[in-house]
Structure formats: structure tokens, C-alpha cells
Amino acid sequence: MFNAPKQFTELGQANLEKSLRLTNIALAGAERLFQLQLSIARDLLAENAETAKSLSQVKNVQDLVDLQKTLTQPGVEKTIAVARTVYEAASTTQAELNKLIEEQVLEFNKNLVSSLDQAAAQAPAGSAAVNLLKNAVESANTAFDTVQKTSQRIAENITEATVAAVETGAKSVAAATKAANKAA
């Protein structure tokens, strides 16, 4: 039979643990992005100091053009690296959240099947309704898994294509800038 107070206590404890896990995932993602921002700020400060020092040593227009050439390419490469790092941090957080959601769906379905099993045990012999409902839940689980895996593959492919396109575009801009600088 059912022990309602115990089940409610277990449910409350499980929900508390899930909430804490969700909070930890969100905080870890925010921390990764904050660390990235802090690192970028430090790098920019150091680069700006170095650029200011280099500008103070410029004596003519040709020195200025040469300095501009040396500053352009690393800037593009750093932008690509930062974009990739932001993507990786966001992707990691998204993967952890997806895992949590998947676990929740699986747990809910397991509990539902367990409840249906208990109902089937207490149902009159030959009750097809409970078995039909149980089969529907199992079919829905299979469909959910298939859709989730397919959508995950599609999202990964789109992301990879987008990152590749951005990198190609940035490299093209860098090459065009380099060619324009040489022409000048």
C-alpha cells in the first residue's frame, strides 16, 4: 500500500536536491563566464598598456602603419578564441542542464511506470486499460529519446557550422585587412 507521509517527505527531499543541483549548474556556468570576462579584461588592460607604449615610440607615419599591421591579426585571432571559449562555457552549461532535464524525465517516467505496475497489481484480472497506458508511456519514452538525440545532433551540427563560418569570415577579414595594409 501507499505510505503518503513518507512519499511526500521523499518527494520534498528529491525536489530540494534537484533545486540545489540546478542552482549549482547555473552558478558554475555564471562563474565560468565571469572568469572569462575577468581574463579578457586583464588581457585587454595589458594589451592596451603595451599598445600605448608602442604608440609612444612611433616616430613617423611608416612606424604607425607598421604598428597597425602588427596589431590587426592578433586581434582577430583573440576574438575567435574568445568566441570559442564563450561557446564552450555556454555549451558545457547547456549540456549539464540537458542532462538534469533528461534525468528528470527518466525519473518521472520510471515513477509513472512503477505506479502503473502497482495499479495493475491491484486492478481486476484482465484489465487491459493499465497495460495499454503502460505501453503508451513506454512508447512515449522511446519517442522522447529519439527526438532528443536527433535534436541534439542537429544542434551540434548547426553550432559547428556556425563556428566554422565565423572563423572563416574572421580569417577572410584578417586576410583582406592584411592585403589592404600591404597595399598602403
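Two residues are in contact when they have heavy atoms within 4.5 Å of each other. With that in hand, look at Lys18: setting aside neighbours within four places in sequence, Lys18 is in contact with Leu100, Gln104 and Glu107. We will come back to this residue after a look at the whole chain.

What you see above is a predicted model, in which local features need pLDDT of at least 70 and side-chain atom pairs count only at pLDDT 80 or more, while totals for chains, interfaces and linings use all residues. Residues are numbered from 1 along each chain as its sequence is written, and side-chain values use heavy atoms, with hydrogens and water left out.

How many helices and strands does the chain have? The secondary structure comes to 3 helices and 0 strands, where helices (H or I, at least four residues) and strands (E, at least two) are DSSP runs numbered from the N terminus. Read from the N terminus, the order of elements is α-α-α. The predictor's confidence in each residue is given as pLDDT, from 0 to 100, and the chain averages 78, with 87% of the residues scoring at least 70. Among the elements, H1 has the highest mean pLDDT (85), and helix H3 (residues 128-183) has the lowest (74). Where pLDDT is low, the predicted coordinates should not be read in detail.

Now for the surface. A residue is called buried under 20% relative accessible area, exposed over 50%, and partly exposed in between (1.4 Å probe, protein chains only). Of the 184 residues of the chain, 12% count as buried. The accessible surface comes to about 13,300 Å², and 63% of that belongs to carbon and sulfur atoms; such areas come from the Shrake-Rupley method with a 1.4 Å probe, and for residues only the protein chains shown count as cover. As for contacts with a separation of 6 or more, 75% of them join residues 24 or more positions apart.

Side chains of opposite charge can pair when their charged atoms come close. A salt bridge here is a side-chain nitrogen of Lys or Arg within 4 Å of a carboxyl oxygen of Asp or Glu. By this rule the count comes to 4 salt bridges.

One of them brings us back to Lys18, whose side chain meets that of Glu107 at 3.3 Å, N to O. Glu107 lies in helix H2 (residues 61-122) and Lys18 in helix H1 (residues 4-56), so this pair ties together parts that are 89 residues apart in sequence. Lys18 is buried, at 19% relative accessible area, whereas Glu107 counts as partly exposed at 30%.

Another salt bridge joins Glu96 and Arg32, with the closest N and O atoms 3.9 Å apart. Glu96 belongs to helix H2 and Arg32 to helix H1, so parts 64 residues apart in sequence are tied together. Glu96 is partly exposed at 28%, and Arg32 is partly exposed at 27%.

Arg32 also has a partner in Thr93: their side chains make a polar contact at 2.8 Å. A polar contact is a pair of N or O atoms within 3.5 Å; within protein, one must be able to donate a hydrogen and the other to accept it, and residues adjacent in sequence count only if both atoms are side-chain atoms. Thr93 lies in helix H2 and is buried, with a relative accessible area of 14%. Not counting residues up to four places away in sequence, Thr93 touches Ile25, Gly29 and Arg32.

Finally, Glu47 and Lys78 form a salt bridge, their closest N and O atoms being 2.5 Å apart. This pair links distant parts of the chain, with Glu47 in helix H1 and Lys78 in helix H2, 31 residues apart.
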